[in-house]
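Please look over the sequence and the model below before reading on. The text then goes through a few parts of it in turn.

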Amino acid sequence: GSAGWTANLLKNTMANAIAINRGLMLGDPNLAVTPAQVLQIDAVIAAYASPMERHVALPATGTKSKASFTQGFDSAATWISWCWPIATTAVTYTDRLYAMTWHNNASGSQTTLFGSLTGASTWGFAPPSVVTWFDPEPNLGELDFAALVNDLQPTGLDVLLFHYGAAPRAFGLRLLRALRPGQYEARIGNDANHDDAMDGPPHTVVPFTLAQPGTQVLLPALPTGVLQKIEIRQLAPGSSTPAALPDPALSREDVTFGTGGTVTVTVHNLGSAPATGVVVELVQNGLSVATAPVPAIAAPLDYQRKVATVNLCCGAFVPGAAVTVRLSLPPATAQVTADNDSVTTAPPGFTTIGAGCAGGNGVPDLQLVSLPALGGTYAVDVSNLAGGFAAMVTGFQPQNLPLQPFGLGFGPGCTAHVIAVATGFLAQAAGLAHWTLPIPNDPAFANVDLLQQAVEFASQSAVSNAVHAQVH
């Protein structure tokens, strides 16, 4: 009973594997697959394989039927239209629908819809794509195209691509699955009659070496307005075993900003060899802000997460302005792909609001010491105080209220920039004061806006500029 139940659960997975390897099995003389067995293989694929794998497994003779791939696309669209608004991963596989997303972000719906177009064996959840695309000329705008992996064999694949743009554009192609290492070429030609074959000789031929998954191929100046047939074929075999390579990687979720300008970066190794000699660097406004070496990270050969955490303390970046965190390897060190070596994100913001007005020692000025972080301490320094009674005003919303009409020593240009919720005495010495606010380690306080302004009462009262920070 249990064996039958398990076999039933695995039938789709096994059928997908059979579909992917159909050409390999039929072409292996050691297997000596008979015509009767070919019929059995095709029956299993037709009955249980996913739509895209059924499409890829069709013999490449003449125009391929797009019915299988269309079925997969329609199924995904139906699932999204009915289920996506109430999908959730909060209680997986219990009383809620399972949201088939990757990193639970908004692109999950697009992954579900378009996974099959790149050769996904299971549309929707982390599809093991045959190819992905990138724009080698982002300054020219986004690529506008549709593509379908039409055939996949151990030594080649076919892609149908239609470019909707106004002018020829270069396309970048990454090869991610199933092709054997070796010397290859990409042949590109027009398919104006849509019969899945080039109308004549290819107009473009691009030779390249495939050493490991993730190899990038640049396809120059693809024509617009006519279907393109891209044939990738092996010219000569390479090493039977791809070289073991490291793959240091990080994402936006791996960069955490702390108090006092500290930055914590978690670096992953996704490759098949240890990642050594990696350096992490913070870059802002084109300038290197901080660097630190990353400890050696073992390869995840046991399928367990392999990471190293690096702390950088700089405080030199501008709060709120974009920061690029990038990884670098020693010169001439090969890796699986450099596409996951950098991310751009923004540290929590700290901005100045308005201007202050002068007291007996000039205009009081607020300066950030440490950003407000959960479980940390928000700290601000105040300068140019004159020895009077000083207080820090804290609120959650700004205002623009002239203070001169209230008297109390305030002159022209003195403005309250914060709607006060709380005030605290500022102890000062030599015109300086230090103000702190502990932030509870409670997620409920995340993204709370805090506004501060210093005020000093004297015969010539003064207020500082105001500042706006956000708890992170």
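What follows covers a helix, the nonpolar cores and a disulfide.

The model is predicted. Helix α3 takes in residues 35–48, which makes 14 residues. At 1.5 Å a residue these should span 20 Å, and the end C-alpha atoms of α3 are 20 Å apart, in agreement with that value. The buried residues of α3 are V38, I41 and I45. Because they cover an arc of only 65 degrees around the axis, they lie on the same side of α3. L39, Q40 and A46 are exposed on the other side of the helix.

Next come the cores. The largest nonpolar core has 28 residues, and the members that touch the most others are W133, L157, L175, L219 and I232. Strand β2, residues 145–153, gives the most to this core, with four residues. Leaving aside residues up to four places away in sequence, L175 touches V130, V131, L157, F208, L210, P213, G214, T215, V217 and I232. There is also a second, separate core of 22 residues, and F257, V265, L282 and L329 are among them.

How many disulfides does a search of the whole structure find? It finds one. The disulfide is formed by C357 and C414, with their sulfur atoms 2.0 Å apart. The link is right-handed, with 100 degrees about the S-S bond. It joins distant parts of the chain, 57 residues apart: C357 is in the loop between β17 (350–353) and β18 (365–370), and C414 is in the loop between β21 (398–402) and β22 (415–418). Buried means under 20% relative accessible area. C357 has 6%, so C357 is buried, and C414 is likewise buried with 3%.

Notes:
Residues are numbered from 1 along each chain as its sequence is written. This is a predicted model: local features need pLDDT of at least 70, side-chain atom pairs count only at pLDDT 80 or more; totals for chains, interfaces and linings use all residues. Side-chain values use heavy atoms; hydrogens and water are left out. Helices (H or I, at least four residues) and strands (E, at least two) are DSSP runs, numbered from the N terminus. The expected span of a helix is 1.5 Å times one less than its number of residues. Buried means under 20% relative accessible area, exposed over 50%, partly exposed in between (1.4 Å probe, protein chains only). The arc is that of the directions from the helix axis to the C-beta atoms. A nonpolar core is a set of buried Ala, Val, Leu, Ile, Met, Phe, Trp, Tyr and Cys residues joined through side-chain atoms within 4.5 Å. Contact means heavy atoms within 4.5 Å. A disulfide is a pair of cysteine sulfur atoms within 2.5 Å.
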